[in-house]
Amino acid sequence: MISKPLFKQSVKANALVWALVTFATCFMLAVIIIVIGNSEGSVIRSAMVDAFTDDYVEAQISGNAMTYYRITDTALDTYGQQKSGLDAVLAAAGEDGYAQLTAAYDMLTGMGQPDDAARATIAQQSGVDRVYVDALVDYYLANGSDLSDEAVSEYVLNGVADGVYEQLTDAYGEETAAEARAMMTDAIGKYLAQPDADADEFAAAYISEMLGQSMPAVLAEQGLTYTAEEVQSVAAGAIDDFRGRLLLDPDLDADALIAE
């Protein structure tokens, strides 16, 4: 139990000391607050701004890395499928069959038949499926009688790049679509120069390196300094995570992962 009379007596006896201690404590706290506000506070604020900036930049790099990786990986797979398909059609027709079919097309169109009607006539008279006739005629109109592997590869490459351009034009505009088309042309060309390369691994490495080369200059225009190695590291990590999650659960929505 506390003795109230003793407590009151102690308060009266030590009132001055307690007042001085309280004043000194408040004074010291005020000095500390002022010092922190004028010095360390600015450091803290700068650190917080830097942290938020880094998070924002890393999010932009990661989003671009996953988006372009997905486009590149899909383009490489599409190229492989279309190249194999066209090779099979040309092989089935043979040089003589190709020459006869294209000569018939030239004769019919030269007689005034429209393109579509000429194709339909060839399919009907030859018994060749219209899909294969269209594939052969389309190639003929682009490359003539050149059936070399280089010509076929370039034809398919341009078709895939054009497909990327058309797909992205409506969503991102012509400038971005044209840049993506040029990038796909470059990516497929470099991929073909490495016959033993895995498409997924190549796409991951290609996009990481490409962003490491291009994004520092873009960020510098916004007053942000990031090295090629820093950008490439963030991009590679984002792509690895993206690939890993899709491998674990192929049913995941890739667009949702990128947005996340």
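Axes are lines fitted to C-alpha atoms, for helices over the stretch in contact, and angles run from 0 to 180 degrees between N-to-C directions. The legends below refer to a predicted model.

**Figure 1. Confidence along the protein chain of the predicted model.** The mean pLDDT of the protein chain is 83, and 79% of the residues reach at least 70. Helix 4 (residues 130–143) has the highest confidence, at 95, whereas helix 1 (residues 4–38) has the lowest, with a mean of 55. Over residues 1–11 the pLDDT remains under 50. For residues 1–11 the model has two contacts beyond four places in sequence.

**Figure 2. Packing of helix 3 against helix 4.** Helix 3 (residues 115–126) and helix 4 pack with their axes 9 Å apart, at an angle of about 130°. Helix 3 is therefore oblique to helix 4. Their crossing is right-handed. On the side of helix 3, the contact involves D115, D116, R119, A120, I122 and A123; on the side of helix 4, it involves R130, V133, D134, V137, D138 and L141. By class, the residues of this contact comprise six nonpolar and six charged, with no polar.

**Figure 3. The salt bridge between D116 and R130.** Side chains of opposite charge can pair when their charged atoms come close. In this view, the side chains of D116 and R130 form a salt bridge with an N to O distance of 2.6 Å. The pair links distant parts of the chain, 14 residues apart, with D116 in helix 3 and R130 in helix 4. D116 and R130 also belong to the residues through which helix 3 and helix 4 meet. The structure holds 11 salt bridges.

**Figure 4. Packing of helix 4 against helix 5.** The axes of helix 4 and helix 5 (residues 149–172) lie 11 Å apart, and the two helices pack at an angle of about 105°. Helix 4 is therefore roughly perpendicular to helix 5. D138, Y139, A142 and N143 of helix 4 meet A151, V152 and Y155 of helix 5. The residues in this contact are five nonpolar, one polar and one charged.

**Figure 5. Packing of helix 5 against helix 6.** Helix 5 and helix 6 (residues 174–192) cross at roughly 155°, and their axes come within 8 Å. Because angles over 145 degrees count as roughly antiparallel, helix 5 and helix 6 are roughly antiparallel to each other. The crossing of helix 5 and helix 6 is right-handed. Helix 5 contributes L157, N158, V160, A161, D162, V164, Y165, L168, T169 and Y172 to the contact. These residues meet E174, T176, A177, A178, A180, R181, M184, T185, I188, G189 and L192 in helix 6. The contact of helix 5 with helix 6 has 13 nonpolar, five polar and three charged residues.

Notes
Residues are numbered from 1 along each chain as its sequence is written. This is a predicted model: local features need pLDDT of at least 70, side-chain atom pairs count only at pLDDT 80 or more; totals for chains, interfaces and linings use all residues. Side-chain values use heavy atoms; hydrogens and water are left out. pLDDT is the predictor's confidence in each residue, from 0 to 100. Helices (H or I, at least four residues) and strands (E, at least two) are DSSP runs, numbered from the N terminus. Contact means heavy atoms within 4.5 Å. Angles under 35 degrees count as roughly parallel, over 145 as roughly antiparallel, 65 to 115 as roughly perpendicular and the rest as oblique. A crossing is left-handed if the near helix is turned anticlockwise from the far one by less than a right angle, and right-handed if clockwise. Ala, Val, Leu, Ile, Met, Phe, Trp, Tyr, Cys and Pro count as nonpolar, Asp, Glu, Lys and Arg as charged, and the others, Gly among them, as polar. A salt bridge is a side-chain nitrogen of Lys or Arg within 4 Å of a carboxyl oxygen of Asp or Glu.
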